[in-house]
Amino acid sequence: MIVMNRCDLKIELMSDMCVSDGGVYNSSLDTDVVYDSYGFPYIPAKRIKGCLREIALELKQMGLDVDPEILFGSEGNSSGKVRVSDALLKDVECYRDDINKSSNMRVFHPQNVLNYYTYIRTQTSIDYDYGVAEDASLRNMRVVKKGNTFLAKIEIDDESVSDAFRMCCTVLRHMGLSRTRGLGEIRCSVVAPETTSDKTENDFALVEGANRLYYTIDLKEPVIIKSINGGEERSLDYIDGSKVLGVVAEKLKRNGEDVTAFIESGKLFFSNAYIEDAGERMVEVPASLYSVKDNDKVIIDGAIKDKNENDDRQINQIKHCYVSYEDGKIKAKKSVKMEDRYHHRRPDDKSIGRALKSDDNSDFYSMSSICAGQRFRGFIHGTPEQIKKISELIAGESTALIGYSRMSEYGQVEIKCVESEKRVEEKKAEPVDSLNILLESPAIIYNDNAMYSLDQNVLIREILTCLGINCDKSCEEKSFINYGQVGGFNVTWGYRKPIVGVFEKGSFIHIDFEEPQYISIPENFVIGERTLEGFGEVIIVPQNNEKEYELKKSRSKEAVKVVDASGEGFAKSIADMLFEKYVPFYAVKLLDEFDEEVKEKDKEKYRPTVSNMILMCSESSSLQDVKISVKERYDKASEEKKEKERRADKIIKLVEKYCCMQNDAEKQNSDISNSFKDNINTNIVNKSNEDAKDKTQKNMIEEFEKSYSISNYSNPDSQMLLLKEFLKCLKYSIRERKAGDKNEQ
């Protein structure tokens, strides 16, 4: 029995299909399909949801008990009962694991993967007055091959709407572009989800009395964190603390607990979750750091007094990115991967299958989001009782939805507790001569008149007060301040939060004291307002005494591993496709060797033999069968038959000789895995069509010989494929030679 609150929508392609996102990434294509970073095509959730909504509208107009707004929501803040995820190819997760394990993006180059599932269709428009193609009407469209199956995960909050949803899925028959021109025919069905557990192994154990809990957020889908400047078109590149607070609050509500009472039972702090690197939470790059133009590896710290006033190099402030420290210096620098996805609203007249600029309710638009597959890290600070409760809530159900547009395509993440610690509340005060203060999150500061302030003096006074330093003490400060704006939306009240100016994360202040100051850094150093949501986090950056230093090189990449394509799996399918693609180059190489051994005047005599052998290949399943057919046909007493037999044997031996040379060479090659016994090994390097166009055929073959290694030519299918391609080359070579002789005459 299918549990309707969690099921799969199975989409089978009955014809070729083109689901496009409106972007064009190749100059040779006019319309491309949607595919991920691995090259696997997929169907965006918003596309599926839009098609199902149209069906629901039609069923409602027919008088059936189907309400599109209850199922799929309405404009504004009203969400529906059905959540739809992207439709992925069946078993795609296993294929991604194979790619990740191999650490080899040569065989599994995204274009190789994409070409395996798709092909390009060419079409044109006809001028009906003259019956010929119209000028400049040729266009190319990539389509996903029919026969592929996609699965989309469905979650339904209310069982009462399951029958209506099933009805919409049954009626849905077309999707994508050119639905009335033979493309996009599908068959939809609701099936039980695959029996895979969502729970992952986690060795986390909470430290007794811990008051700080560290967590990671793995993005299973793209996530949109709305920003004030840009709305849907521009997302933040981090997950703010209010989103994690919302996840915890929702879990508490499900358990029937009072959220307000839980929060007020101690001073909770939900930090922002920033990108993780090597298990470390990175921070915003300080505004005091600069890099030399055309050499971003050289870091110049503007907080240190200039020692070389005659330096005439051009420097630029390091733009927004995240960094980690070691001995006061940057040891790593990283940026968050962002993407834009394109969507469109169809006009009110549903008979029109495209967006219209003249219709206010029909438009193309893009949505910026944080790319899936990335990991973010943050922490929660509170009382031991609060931390224990939150860790239990997260461990009970790690999957969560955060951000904007969570009911389709965006927002699914996995939250896991990874570490906890018991921080000492009172630390011994230590004398310091200077401080490097970095805002790790935006800070909202009030002045003495209880007004929002962007005065850096107010910020410095707030920080010194939290550190227990008398603000009247003499000190010298050097500030590098970034400014921004924050807002938000209160779901409980249904109102927007006020938009206020803030000191943006990355703001850096260096303070030198005239006499040492005894300070004790708080266990949770936060300042300003809305600290519950992650605002006002402050860290003390270690002192760096060098004005200029060079960023260390990143870790060297792992050695390329060999892909095991010995089984009947995804790797073998890609290898077979590449083998068939590049065998013609080897056939041309055989033709060059044939031209060296056979005189020009004797080549015409091979014409009937080549034609006969092409027929033999169509009737044979192996090279051995072709040899038998040659023997039966030409083993006659006449000298003419014997001569044809010698010519056929020469062609066959040339193919066999080349296969033996390849096999012998590969037996001596220690770099080739013994498990790789099929058509092609992992030394294949993807060559784009653009590169191929710029090279002559001879140069392409030479480069192919250096970069490619064909395995197991003793395979009967491989031998036959090479023989067929070689005969084809011979046929056209002889034909071109004869045509050239006629032209000379």
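**Figure 1. The second largest cavity.** In this predicted model, the second largest cavity has a volume of about 40 Å³. A cavity here is a set of points, on a 1 Å grid over the protein atoms alone, where a 1.4 Å probe fits but cannot get out; grid points are joined across faces, edges and corners, and a volume is the space filled by probe spheres set on the points. Its lining is made up of Met17, Val19, Val33, Val34, Pro41, Tyr42, Ile43, Val144 and Phe150, where a lining residue has an atom within 4 Å of a point. By class, that gives 9 nonpolar, no polar and no charged residues (Ala, Val, Leu, Ile, Met, Phe, Trp, Tyr, Cys and Pro count as nonpolar, Asp, Glu, Lys and Arg as charged, and the others, Gly among them, as polar). A word on the set-up: residues are numbered from 1 along each chain as its sequence is written, and side-chain values use heavy atoms, with hydrogens and water left out. Local features need pLDDT of at least 70 and side-chain atom pairs count only at pLDDT 80 or more, while totals for chains, interfaces and linings use all residues.

**Figure 2. The largest cavity.** Searching the whole structure turns up 2 cavities of 30 Å³ or more, and the largest has a volume of about 110 Å³. Its lining has 16 residues, with Asp301, Gly328, Asn436, Phe508 and Asn544 nearest the centre. The lining residues divide into 9 nonpolar, 6 polar and 1 charged.

Figure 3. The largest nonpolar core has 57 residues, and Ile11, Ile48, Leu71, Phe165 and Met175 touch the most other members. Such a core is a set of buried Ala, Val, Leu, Ile, Met, Phe, Trp, Tyr and Cys residues joined through side-chain atoms within 4.5 Å; buried means under 20% relative accessible area, exposed over 50%, and partly exposed in between (1.4 Å probe, protein chains only). Helix α1 (residues 45-61) gives the most to this core, namely 7 residues (helices are DSSP runs of H or I with at least four residues, strands are runs of E with at least two, both numbered from the N terminus). A second, separate core has 37 residues, including Leu213, Ile217, Leu252 and Ile275.

**Figure 4. Close-up on Leu71.** Beyond its neighbours within four places in sequence, Leu71 is in contact with Ala56, Val66, Gly80, Lys81, Val82, Val161, Ala164, Phe165 and Cys168. Contact means heavy atoms within 4.5 Å.

**Figure 5. Thr149 in its strand.** Thr149 belongs to strand β7 (residues 149-156). Thr149 is buried because its relative accessible area is 18%. Setting aside residues up to four places away in sequence, Thr149 touches Lys10, Ile11, Glu12, Leu88, Leu89 and Lys90.

**Figure 6. Ser453 in a loop.** Look for Ser453 in the loop between β26 (430-439) and α9 (456-466). With 9% relative accessibility, Ser453 counts as buried. Leaving out neighbours within four places in sequence, its contacts are Ile445, Asn447, Val458 and Phe503.

**Figure 7. Cys7 and Cys169.** The sulfur of Cys7 has its closest cysteine sulfur in Cys169, 7.7 Å away, so the two are too far apart for a bond. A search of the whole structure finds 0 disulfides, a disulfide being a pair of cysteine sulfur atoms within 2.5 Å. Cys7 counts as buried, at 1% relative accessibility. Cys371 is buried too, with a relative accessible area of 15%.

Methods:
1 Å grid on protein atoms, 1.4 Å probe; cavity = no way out; pocket = protein on both sides within 12 Å on 5 of 7 lines; lining within 4 Å.
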